[in-house]
Amino acid sequence: MADTNAQHAETPEGEAALARPYARAVFELAQSKGQFQEWSERLALMAAVVSNDSMKSALDNPRLTKSDAGKLMIRACGEDIGDAEANLLKMLAENDRLDQLPMIAALYNRFRDDAEGTVEAEVISALPLSEAQKSAIANALKQRLGRDVQLNCSVNEDLVGGAV
């Protein structure tokens, strides 16, 4: 039975299940303090720090205690985080969940988008889109989805034509 749980924890759904309570707690804190944007930025920073190859190596060191792992992350994030973020890092370290920070950040942003009535859409096109084209795509998606749309546009010259 334990093997099944361990295998589930390694799937994307398992990662989301592990990260969801933390993301929800951060979302509720950010919502209560009106700090959606600030927490998005801080979580992005913490996720980037924990995803850094050098940091991964340091955190994988078996001689590093859970407490020291939390302290290392806090130092690496520097003055860009406050007490609440430091407490989150300490808690994640104590629970061996620092590696969940990228998923926590992604889920937090989903909760935030839902609360703000927005959705992100990725548009990949063969050529750069004009502002008029971007506006037309965003408006069409808004009508269809009933939500404000934030476009993330990129160019892939390998496409024959059109947009994905």
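I began with charges over rings. The charged end of Arg24 sits over the ring of Phe111, 3.9 Å from the ring centre. The model is a predicted one, and I read every value below with that in mind.

I looked for a second case. Arg42 lies over the face of Trp39, and its distance from the ring centre is 5.8 Å.

Next I followed Phe111 to its aromatic surroundings. Phe111 belongs to one aromatic cluster with Phe27, Phe36 and Tyr108. I counted the aromatic pairs and got 3. One of them is Phe27 with Phe36, which is stacked: the centres are 5.4 Å apart and the planes make an angle of 15°. Are Phe27 and Phe36 buried or exposed? Both Phe27 and Phe36 are buried.

Glu28 and Phe111 are 83 residues apart along the chain, yet their C-alpha atoms are separated by 9.4 Å. Glu28 is part of helix α2. Glu28 counts as partly exposed because its relative accessibility is 45%, which falls between the 20% and 50% cut-offs.

**Ser40**

I moved to helix α3, where Ser40 lies. Which residues does Ser40 contact, leaving aside its neighbours within four places in sequence? I found Tyr108, Asn109 and Arg112. The contact with Arg112 has a polar part: the two side chains make a polar contact at 2.8 Å. Tyr108 is the member of the aromatic cluster noted above. Ser40 has a relative accessible area of 9%, so it is under the 20% cut-off and counts as buried.

**Cores**

I turned to the nonpolar residues. In soluble globular proteins, nonpolar side chains tend to be buried together. The largest nonpolar core here has 33 residues. Which members touch the most others? They are Leu43, Met46, Met73, Leu89, Leu98 and Leu101. I asked which elements give two or more residues to this core, and the list is α2 (12-33), α3 (36-51), α5 (66-77), α6 (83-94) and α7 (101-116).

I took Leu89 for a closer look. Leaving aside its neighbours within four places in sequence, Leu89 is in contact with Met46, Gly70, Met73, Ile74, Cys77, Ile81, Leu98 and Leu101. I also noted another core, apart from the largest one. That core has 6 residues, among them Ala121, Val123, Leu129 and Val149.

**A backbone check**

Asp96 has a phi near 55°, a positive value in a residue other than glycine. Where does Asp96 lie? I placed Asp96 in the loop between α6 and α7. Its relative accessibility is 49%, so Asp96 is still under the 50% cut-off and counts as partly exposed.

**Whole chain**

The chain has 8 helices and 2 strands. I read the order along the sequence as α-α-α-α-α-α-α-β-α-β. The chain has 164 residues, and 29% of them count as buried.

I checked the contacts by sequence separation. Of the contacts between residues at least 6 apart in sequence, 71% join residues at least 24 apart. Last came the surface. The chain exposes about 10,400 Å², and carbon and sulfur atoms supply 49% of that area.

Methods. Residues numbered from 1 in each chain as written. Predicted model: local features only at pLDDT ≥ 70, side-chain atom pairs only at ≥ 80, totals over all residues. Heavy atoms only, no water. Core = buried A, V, L, I, M, F, W, Y, C linked by side-chain atoms within 4.5 Å. Buried < 20%, exposed > 50% of the residue type's maximum accessible area, 1.4 Å probe, protein only. Helix = DSSP H or I, 4+ residues; strand = E, 2+ residues; numbered from the N terminus. Contact = heavy atoms within 4.5 Å. Polar contact = N/O pair within 3.5 Å; in protein donor to acceptor, adjacent residues only side chain to side chain. Areas by Shrake-Rupley, 256 points an atom, 1.4 Å probe, with all protein chains shown as cover. Phe/Tyr/Trp six-rings, centres within 6.5 Å; stacked < 30°, edge-to-face > 60°. Lys NZ or Arg CZ within 6 Å of the ring centre and 35° of its normal.
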